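Hi,

Here is the structure I said I'd pass on.

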Amino acid sequence: MIPEPLLAQEHELARWRRDVPALALRVHDHPLTYLDNAATTLKPQAVIDAVTQVALAQAGNVHRGVHALAEAATEAFDAVRPQVARFLGASADEVIFTSGATASINLVAHSLGRQVVGPGDAIVVTELEHHANLVPWQLLCAERGAELRVVAILEDGRISLEDLARKLDRRVKLVALCHLSNVLGTVAPVAEIAAMAHAVGALVLVDGAQAVAHLAPAELAVSRLGCDFYVFSAHKVFGPTGTGVLWGRRELLAQMPPWQTGGEMIASVDYQRAQFRPPPERFEAGTPNISGVIGLGAALHYLTNLPAHRAAHEAALHRALCAAVAGAPGVTILGRPQAAVVSFVVARAHPHDVATLLDQRGVAVRAGHHCAQPLHGRLGVSASCRASLAYYNSLEDVRALAAALSAVREVFP
Ligand SMILES: Cc1ncc(COP(=O)(O)O)c(C=O)c1O
């Protein structure tokens with residue numbers, strides 16, 4: 001394995017890694033090799049500190065108290081909305097906080113979906129989708145008497161634009177697709193797909209759960225992507241669990257009814273009826289995940305202040321990772337990964353056994369169907385192992401995985 005010139009300098013990477021305390025852990029008497037970033041990312045100390053600070057000096061509730069702790073919480077919380085907007089190249093009033101990418105997609109399905117999808121209409125997804133971007137659309141279609149159309153992928157894992165063109169017509173109300181596949185690591189040509197969808201009058205929702213930690217800022221700018229909705233989870237971009245974002249185009253959000261109702265989202269209410277606040281508050285019923293949102297702010301601050309070449313470092317590492325996995329004995333890679341992720345199967349070994357053996361050597365990967373069961377069926381396997389990167393991974397991590405895979409081969413010759 002030849003070190004790539006694009007990899008970060010050793011001292012710089014060491015600094016990035018020191019900032020993430022969990023990377024110093026030892027697992028089964030081995031240094032932790034964390035290659036499960038697609039499941040969840042590890043947290044920089046700055047995020048841990050921000051969350052701790054909420055429990056101490058910002059411990060009040062938001063948007064309701066006039067005392068010092070409530071005001072401190074409100075100020076820190078409110079600062080994150082414009083920050084997320086900058087991250088996506090959008091406006092703050094288009095950013096809705098949710099409990100995660102899954103909740104964001106369900107919000108669109110329940111609110112906009114019930115409004116615009118009727119009998120005989122269609123929703124388009126792709127074969128790549130995570131259950132979070134599939135099941136809400138299945139239920140909506142069943143409820144509304146609509147059809148769910150599934151766009152095929154090519155052998156290398158990219159979305160077939162020919163098949164998409166075949167599946168698009170005036171009956172399609174929404175196209176929902178992932179920006180970066182959590183299994184195959186393929187990056188969707190979102191702008192091209194959005195233009196095709198808009199040409200038949202369909203809206204476009206992009207599941208950015210896997211993309212946000214890996215793609216460059218310009219690749220995440222919603223205006224360049226041309227989509228109508230973009231969703232992601234904080235925990236996959238170095239923030240806390242239980243927090244997510246729905247970005248939606250202002251004019252669409254303005255017309256959408258609330259999904260969940262309760263405190264905070266109403267303008268006025270009497271015993272019989274309620275008036276709702278404009279977006280984003282209309283879609284944020286109840287006390288939000290205050291520490292989650294503030295932690296997300298700390299994560300985005302940390303990430304966006306890393307040098308731009310962290311993306312080149314990760315891309316070079318991804319090439320090295322794919323080469324190492326491809327070269328491991330008995331291993332077959334699924335598709336042709338473009339970024340962050342590589343999923344693979346080992347001949348004659350169940351993925352759970354492989355992952356357990358890797359764990360014995362301190363190497364954390366995911367095993368199973370990665371919440372993409374239909375995609376695994378389409379690929380002719382029931383499960384796979386997945387190694388996934390973050391900017392803080394090193395060539396040493398790749399070597400540790402390669403060595404551990406060789407050891408797996410000794411158990412399953
Ligand atoms: C592509 C993709 N979409 C959606 C999700 C759902 O994210 P969450 O469970 O944080 O809501 C995931 C999580 O693995 C994912 O990988």
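Predicted model: local features only at pLDDT ≥ 70, side-chain atom pairs only at ≥ 80, totals over all residues.

Residues are numbered from 1 along each chain as its sequence is written, and side-chain values use heavy atoms, with hydrogens and water left out.

**Overall**

The protein chain has 16 helices and 17 strands (DSSP runs numbered from the N terminus: helices are H or I with at least four residues, strands are E with at least two). Its C-alpha trace spans about 70 × 55 × 35 Å along the principal axes. The radius of gyration is 22 Å, which agrees with the value near 22 Å for a compact globule of 413 residues (taken over C-alpha atoms; the globule rule is 2.2 Å times the number of residues to the power 0.38).

Seven strands make up an open sheet with mixed pairing, in the order β4-β10-β9-β8-β7-β5-β6 (two strands pair if DSSP finds at least two bridges between them). At its edges are β4 (95-98) and β6 (147-151), each pairing on one side only. The twist from one strand to the next averages 20° (axes are lines fitted to C-alpha atoms, and angles run from 0 to 180 degrees between N-to-C directions). β4 runs antiparallel to β10 (residues 244-248), and four bridges join them; isoleucine 96 has leucine 246 of β10 as its bridge partner.

There is also an open sheet of four strands, β13-β14-β17-β16, with antiparallel pairing. Here the edge strands are β13 (331-333) and β16 (366-368), each pairing on one side only, and the twist averages 30° from one strand to the next. Four bridges join the antiparallel strands β14 (residues 341-346) and β17 (residues 384-388), and serine 343 is partnered by arginine 386 in β17.

**The ligand**

What surrounds the ligand? The residues are Gly100, Ala101, Thr102, His130, Ala132, Asn182, Asp207, Ala209, Gln210, Ser233, His235 and Lys236 (each has a heavy atom within 4 Å of the ligand). That shell divides into three nonpolar, seven polar and two charged residues (Ala, Val, Leu, Ile, Met, Phe, Trp, Tyr, Cys and Pro count as nonpolar, Asp, Glu, Lys and Arg as charged, and the others, Gly among them, as polar).

For polar contacts (pairs of N or O atoms within 3.5 Å), a ligand oxygen is 2.7 Å from an N or O atom in the side chain of glutamine 210. A polar side-chain atom of serine 233 is 2.7 Å from a ligand oxygen, and a polar backbone atom of alanine 101 is 3.4 Å from one. The protein covers 86% of the 400 Å² of accessible area that the ligand has on its own (Shrake-Rupley method, 1.4 Å probe).

Most residues other than glycine have a negative phi, and most peptide bonds are trans. Histidine 63, in the loop between α2 (45-56) and α3 (68-78), has a positive phi near 60°. The peptide bond from proline 279 to proline 280 is cis, with omega near 5°; proline 280 sits in the loop between β12 (274-276) and α12 (290-304).

Cheers

Definitions and conventions: Polar contact = N/O pair within 3.5 Å; in protein donor to acceptor, adjacent residues only side chain to side chain.
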